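Here's a quick briefing to read alongside the model. Have the structure open and follow along topic by topic.

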Amino acid sequence: MSKTANAERQADKPSGFRLFRPILAGATLRERMVACLGALVGITLTGLICGFVFGQGPDIPLIVAPMGASAVLLFAVPASPLAQPWSIIGGNTISAFMGVLAARFIPDPVVAIGVGVSLAIAAMSLTRSLHPPGGAAALTALIGGPAVTSAGFLFPLFPVCVNSVILVALGIAFHKISRRNYPHVPVATPVNTHGTADLPAPLRVGFRQEDVDAALVELHETLDIDRADLDRLLRQVELHALVRTQGDLTCAEIMSRDVVTIALNGSAERARELLIARNIRTLPVVDGAGRLLGTLGLRELTLHGEQGIAQVMSEAQTTGPDEPVVALASSLTDGRTHAVVVVDGERRVLGIITQTDLLATLTRLLSAKSLALPGPVAA
């Protein structure tokens, strides 16, 4: 056997390391460890709180099995639409109610379990609370035994609803402590900041929302991701592809180095004079050591009158000198940012790159690319 064939066979064998590679995009070992810790804390405290408040008797469980599945979503994939607070609380509670309803009116248990889960899916869909563990909550209401059956229509409220509310509250607290965003809020769709009917500049080229919708229809798939998040992901992919193919030119190579700045203790009138006299739109604000504190423009000065610079300056968009120029495309085309300040590790101002600088650079890149293309071959 050749060395190449042997290497290919070895590559096909699942190594111990490969078995533990994350199967979800964006997942890391650290994220999974955080999820495990969250589930440990969330489920344990949910059981303890319910047991403390309602007692631990044989008549009704202090925590129901679907909470384990809810914890997987809540702590492992907190950005999923299926893991949001209303999905967990509403999905579990409504589904348990559907299960109790099926058990009450359908005597045949085999038919009842099918109808109960089916009704749960329909009810969750109609109430926008789709949550996979809800199917288990419906089944629990049907096959949970005498304790669940005797509880009747109280079962969806306790323990299901109470368990869900406590678990979500603990999840919110845990994610806040671990500095993870939960509940997940999709990024707002870009809007035209000039108040006109035109699409924002980044949305006028490339794919549009209707293209995403058409692709989803053609794939015949239901993806566990919000459309706004999907749009943001695809645009980020476009940006990374641009950086990969055109990322040789760095910010240090095109930035303006003789940067006009103003001190924090300067006057608003002086800032206005500099903006107009130098014909610039962004004025970096620095401290005595030349470290960047913020930026000023005529908009801030006009809106806030004669207040001090510290009160009217905006947060600065920054980058490093070694970053690819094309990576600034998303910032400088958002309709708000007119310039990006280049700073070092201590936020000392090294230079500035404006929209004009970026446009000139992209024009040169396109020109160079067109000159490099082979011409038609003569017959």
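E2 and strand E3 (residues 292–296) run antiparallel to each other, paired over four bridges; two strands pair if DSSP finds at least two bridges between them. Helices (H or I, at least four residues) and strands (E, at least two) are DSSP runs, numbered from the N terminus. The model is a predicted one, so to speak of local features takes pLDDT of at least 70 and side-chain atom pairs count only at pLDDT 80 or more, while totals for chains, interfaces and linings use all residues. Residues are numbered from 1 along each chain as its sequence is written, and side-chain values use heavy atoms, with hydrogens and water left out.

**Around strand E2**
- Valine 286 in E2 is the bridge partner of alanine 263.
- Both faces of strand E2 (residues 283–286) are covered, with Leu283 and Val285 buried on one side and Pro284 and Val286 buried on the other. Buried means under 20% relative accessible area, exposed over 50%, and partly exposed in between (1.4 Å probe, protein chains only).

**The E4-E5-E6 sheet**
- Three strands make an open sheet in the order E4-E5-E6, with mixed pairing.
- Strand E4 (318–319) and strand E6 (349–354) stand at the edges with a single partner strand each, so one side of each has no neighbour in the sheet.
- E4 pairs with strand E5 (residues 339–343) in the parallel sense over two bridges, and threonine 318 stands opposite valine 341 in E5.

- Helix H7 (residues 133–143) is largely enclosed by the rest of the structure, because eight of its eleven residues are buried.
- Those buried residues are Pro133, Gly134, Gly135, Ala137, Ala138, Thr140, Ala141 and Leu142.
- Their cover includes helix H4 (66–76), helix H5 (85–105), helix H6 (109–126) and helix H8 (146–151).
- Just after H7, glycine 145 has a positive phi of about 95°.
- The largest nonpolar core has 20 residues, and Leu74, Phe75 and Phe155 touch the most other members. A nonpolar core is a set of buried Ala, Val, Leu, Ile, Met, Phe, Trp, Tyr and Cys residues joined through side-chain atoms within 4.5 Å.
- H3, H4, H5, H7, H8 and helix H9 (156–177) are the elements that give two or more residues to this core.
- Setting aside neighbours within four places in sequence, phenylalanine 155 is in contact (heavy atoms within 4.5 Å) with Val64, Ala96, Val100, Ala137, Thr140, Ala141, Val148 and Val160.

**A nonpolar surface patch**
- Leu37, Leu40, Val41, Leu45, Leu48, Ile49, Phe52, Val53 and Phe54 form a nonpolar patch on the surface, with about 870 Å² of accessible area together.
- Accessible areas come from the Shrake-Rupley method with a 1.4 Å probe; for residues, only the protein chains shown count as cover.
- Leucine 40 lies in helix H3 (residues 29–54), and its 54% relative accessibility is why it counts as exposed.

- Most residues other than glycine have a negative phi, and most peptide bonds are trans.
- Phenylalanine 158 and proline 159 are joined by a cis peptide bond with omega of about 15°, and proline 159 sits in helix H9.
- Tyrosine 182 to proline 183 is also a cis bond, with omega near 0°; proline 183 is in the loop between H9 and helix H10 (209–219).
- Arginine 179, in the loop between H9 and H10, has a positive phi near 60° and is exposed at 80% relative accessibility.
- Asparagine 279 has a positive phi near 55°; it is found in the loop between helix H13 (268–277) and E2 and is exposed, with a relative accessible area of 71%.

**Whole chain**
- The protein chain has 17 helices and six strands, and 36% of its 379 residues count as buried.

Definitions and conventions. Patches are made of residues with over 30% relative accessible area and no salt bridge: like charges are joined within 9 Å, nonpolar side chains (Val, Leu, Ile, Met, Phe, Trp, Tyr) within 5 Å. A salt bridge is a side-chain nitrogen of Lys or Arg within 4 Å of a carboxyl oxygen of Asp or Glu.
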